[in-house]
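Please open the model in your viewer and keep the sequence panel beside it. The tour below goes from one selection to the next and says what is to be found at each stop.

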Amino acid sequence: MKRLILVDDDPAILDVFELIFKDPDYIVSVYREPDALLSLKAGIPDLIFIDKQLSGTDGLDVCRKLKKSSLTKRVPIIIISASPDIQRLAKEAGAVAGVEKPFSIKYLRQLVKDTLAEHA
Amino acid sequence: MQGKNFTHEPFANHLLLSKLNIHSSNGESLAPPIVCLVIRAGEAAAATSFFRPVLGIPGAVYLVMETGIALHKGPELLRVVEQTTLMPVVTAEQGMALDANQVYVIPHGFSVSRAGERVLFRAEMAPSRGDGAVDLLLAAVATVAPDRHIVLLSQGITDQVSGGLRIVRSEGGFVIAYTDDDIFLPLRPGLMPADLVLTSAEMAAKVRLLVDEIGKNQKLPMEGAQAETELAQIYMQLLRNRGMDFARRRQPEILRRIRRRMMIHGVNTLAAYTRLLEEEAEEIALSEELRISLTGFFLDATLEHALLNEVLPRLLENHIPGTPLRIWIPCCCGGHEAYALAIFISEYIREQKKELTAQIFATDVNKAASERSRIGIYDQTDLSGLSTRKRKQYFTKSPAGYHINRQIREMCVFATQNLFKDPPFSNVDLILGFSALRGLHAESLDKIMRTFHYALRPVGFLVSDDPEIKTGLAELFQRIRTNPSVFMRRERVGSTAGFYPMTIARMGEREADALLLNEYVPPTLLVDDQLRVVRFYGIIEPYLRFSQDRLNLHLLRMVRDELVFELEELMERSKEAGSTVVKNGIHLNTGANARDISVEVTPLRPNGGKWKLVIIREITGGVESRGTGDKNSGRTLAQKDERIQALEKEVGELRTLLAAAGEDATRIQEALQVANEEIMASNEELQSVNEQLQSVNQQLLSFNVELNTVNEDLSVRNQELEVSAEYAQSVVGSLRRPVLVLQDDLRIKLANEIFCSFFGATVDDTQGQSLYTVANGLFDRDELRKALRQMLTKKAVSVDLELRVELGERGERVLAITVSRMPKTKNNRPGLVLSLEDITERRAAERFKDEFIGIASHELKTPATSIQAYSQLLTEGLTGTRDLHSAELATKLSNQVVRLTRLTKDLLDVTRISSGQVDFKKEKLDLLELINEAVEELQVTTAIRLVITEHPLLPHIKGDRERLRQVLVNLLSNAIKYAPETPEIIVRPGISEDKVSVAIQDFGAGISTESLRKIFDRYYRLEDGRAGGYPGVGLGLYISSEIIRYHGGEIKVNSEKNKGSIFTITLPVD
């Protein structure tokens, strides 16, 4: 049972995420703002998804902050964005991957599986 | 006759030819060549046998004539010639026309003259003048048919007709002498009177060639660069070896002469002739020929030197005051030499400031030449070589040509004279014997030298330009210098009686004739109807006197004073009686020569008694013997003697009176004649001046008319120019954007109103201002300077650039500037045209559009992501259920969402690329790896086989992996999409120099030429016949080409309709 957290300000994406990972192996928590994550109210998950373009803040900044915190720096983070350059930007910010919107659900599931296996 | 025509059929054709006349290749009617056969008198039978082959050559006119004293019987020669040839033979008659392929036997005294296109025979003089007659005929033939006549001579007669031959050769004729001797030793080359000395067979062959060549009338093969070079070589050779500079002389005449030499040798090209010139003999021959033919109004410098230093001072020293200097130029031809000398002498006299006059006797055997010289009109080419000063001073120009001035003309007396036959001048100071002494055999030379010796005063000079001439008569002349040779007359001890050696025979018969005529015939004169002496016989000297001032052949002016009266009376009597009259007992009482003579005058029958023979017989002792038998007383006898003496005295006085009166009358008549001639000449001059004035007037009138026309033309042009200038200005003015016209120094030539109002300037301000100072130096920008420099150095045809300028209240504006070049025209310097456009708003709109599309596509992506996920989830959920319909719909939904997202992605790419927002990575890449990945990715989507050909390993490149992969995918998916019918798609990696490439080839429908041009444009979509066309918005190839461009590479397409397309990418190696 792995715990996944997604931060995105778009409710449809949050909804879709829950549906994609509606699986006995995963527990998905979705947040519209990064505060809960940063304040650790949401706890420490196994994998974090952050949308780059959050209302009022940049997902990459959130990622960097998380990577600075000793508690969360080992948690793999994947950035989601509409930008084609996200792969590079994500890695620069310390994330394990960047996923360009739109993505195929198969790809996303495989990515999650692989990432979790690597960071087990 | 019948047999003749029958057996010699070919000849009939020749006759026909003659009737058809002869035409040159260009259709111009040509007179046939004239061939003169000159035969020694009495040798007709022998001569015709060796001339026989010649008389069968078609295409020419043949004249046969005899030299010598008229010994032949006309019909006899005719008969002999008729037996020799198959051509028709006739005796020439007055007015008969010359025709080709016809032989004419010429009686003595006949000449030819031109009448329009035809040449006619003309009876010229009494049939007894022998050699002179042949000279005359040859001269006439040469004059009517220059360059188109050939003279053939019997052996050893060249000297007898040398006067005629000289004219033949100067008129471009050919002289061939016959010899029966195979081993002929030529005389000095070039000085021979004949061009060639040939045997009978050789002669026929040569004549045939010459007649052919003349008949063709071909142009001289002497034009073009090669000929020029060869001619220059010839001139150089003549200058080097013979010291003669022909390069600046009359070219046409030189070419004509070279051509003549070429024809003599039968060569057709200058090159061949140049080889012949390697022989010294030919070189001498050519230079002599050129020297003889190139007469002009100048004396050779060496001659002038000799005259100034050797001759004239001595002449002046010995000159008898009050008498003219007498100079004789025999064989003067065109008179150039005479006039040149006259000019020279008159200038000399002026310089020496002497009271002196000079008279120049210029004689020639050719009557026409003498007449031409007397008229003294020459053309431009004759005057070449004459200084401008002399031309102005001594010639007057008129429509007819250049007239020699009267003063010079009057110094010269021109007369017709045969040096060998006619009596010479006397008391001459100087003889210029150039032409006369050239090309003679020793004997003839001897004869002429004797004549000259006779003619000269005791201190007299003979000048010849032939440096090698030998007089052979040391007792006659003393050589005082060479080149030119100057001889001084020597007083001869025991001189012979003959005053000029007119009949020294060369051999046998002729010698006998001469001997008899000189020694045994009584002194005899043959006179014509005008009482002019035609010929002398015997020792006539004691009965003649010589005129001091001019040549006069009139009988009564030639004989001694005592005979004048007697002869006059005898002539009268003989005319009345029509038969021989005699007067005895005429007493001549001049010193030692005192004697009694009888004079007999006999009218000659052939001329109706008009010509007369005057025979003088000396009476020795007849009167005395008659007296001894008389028995009358001595007183009566003494009285008679006294009476006789008184009467004789009286008669003598009367005679003197009469003679004086007669002389006076003659002198007055002559003076009148001279005055008359002068008046005539003045009249002619006035007339020509009048004509000149008239023609000048007409010229002025026509100039005026022309000027008017030109003026009108100019004003029309001016108007046209104004109109077109106005038009051009209004075109520029009406343009709705600012336009500047610049000169090549970047000063403003023209600024239109829009420009001025846009930049707040006036038209006058801008005019002539530098582009960089106008509008407060707004245009003084580096990028513009660079662009204009490129334009002015012609590195660019036109330049487009954008400038951001600060325009006061209007703020920053973006100006698009197009610079184009104005070509240089006849009237305009090259310039530049600057066309400006304010594109601030357009640029802003574009930016807004890009931003809008960027944001829009970005924002679209998020909902698209959820839709795609939902549809995929739906598909997943329905997979394996029975609700097939819903599953199908879910799949379709997925596909459409994929399409929508790709479209959004493309739009975003385009926006980013065109606004330069793309960050390309620069990483080391293996293109093959990318190719494999792309092929694998797409192979799963299609049934078409994707084939990668065999290839070498490719070096690494530097670039953005994702972007390059995007390009490959784009090209492959295009091939799949647009060529669905292709069985396979071939991917061909390659390498060349420092580039790697990959070509993607399909075998589909191909792309039309028109589409090929636009295929990489933004939003361009291929159209084809199928409904709805291809899906897509036409951005894929644009994006691909931009990506490749950013990588410094190239993308190209080749396509052929119905055969497929090849897209090739080339990228630089890292």
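Helices and strands here are DSSP runs, a helix having at least four residues and a strand at least two, numbered from the N terminus. With that in hand, select chain A of this predicted model and follow the chain from its N terminus, where the elements run β-α-β-α-β-β-β-α-β-α-β-α. Chain A comes to 5 helices and 7 strands, and buried residues make up 49% of its 120 residues. Among the contacts in chain A between residues at least 6 apart in sequence, 59% join residues that are at least 24 apart.

Next, select chain B, whose secondary structure comes to 32 helices and 38 strands. Of the 1070 residues in chain B, 46% are buried, and among its contacts between residues at least 6 apart in sequence, 64% join residues at least 24 apart.

The mean for chain B is 79, and 83% of its residues reach 70 or more. Select residues 1-28 of chain B, where pLDDT stays under 50 although the model has 28 contacts beyond four places in sequence for this stretch. Then select residues 621-632 of chain B, where pLDDT is also below 50 and the model has 1 contact beyond near neighbours in sequence. For the model as a whole, the scores are ipTM 0.88 and pTM 0.36.

Now show both chains and select the residues where they touch, which are 21 residues from chain B and 20 residues from chain A. The area buried between the two chains is about 1800 Å², and carbon and sulfur atoms give 57% of that area. Across this interface there are 3 salt bridges, and one to display is that of A:Glu100 with B:Lys905, in which the closest N and O atoms are 3.8 Å apart. Between the chains, 6 residue pairs are in polar contact, counting pairs in which both residues have pLDDT 80 or more. On the chain B side, look for helix H27 (840-878) and helix H28 (884-914), each of which supplies at least two residues to the side that touches chain A. H27(B) gives the most to that side, with 13 residues. By residue type, the side of chain B that touches chain A divides into 5 nonpolar, 7 polar and 9 charged residues.

Select helix H32 (residues 1036-1046) of chain B, which is largely enclosed by the rest of the structure because 8 of its 11 residues are buried. After H32(B), stop at B:Gly1048, whose phi is positive, near 75°.

Conventions
Residues numbered from 1 in each chain as written. Chains lettered and ligands numbered in written order. Predicted model: local features only at pLDDT ≥ 70, side-chain atom pairs only at ≥ 80, totals over all residues. Heavy atoms only, no water. Contact = heavy atoms within 4.5 Å. Buried area = accessible area lost by both parts, 1.4 Å probe. Salt bridge = Lys/Arg side-chain N within 4 Å of Asp/Glu carboxyl O. Polar contact = N/O pair within 3.5 Å; in protein donor to acceptor, adjacent residues only side chain to side chain. Nonpolar A, V, L, I, M, F, W, Y, C, P; charged D, E, K, R; others polar. pLDDT = per-residue confidence, 0-100. Buried < 20%, exposed > 50% of the residue type's maximum accessible area, 1.4 Å probe, protein only.
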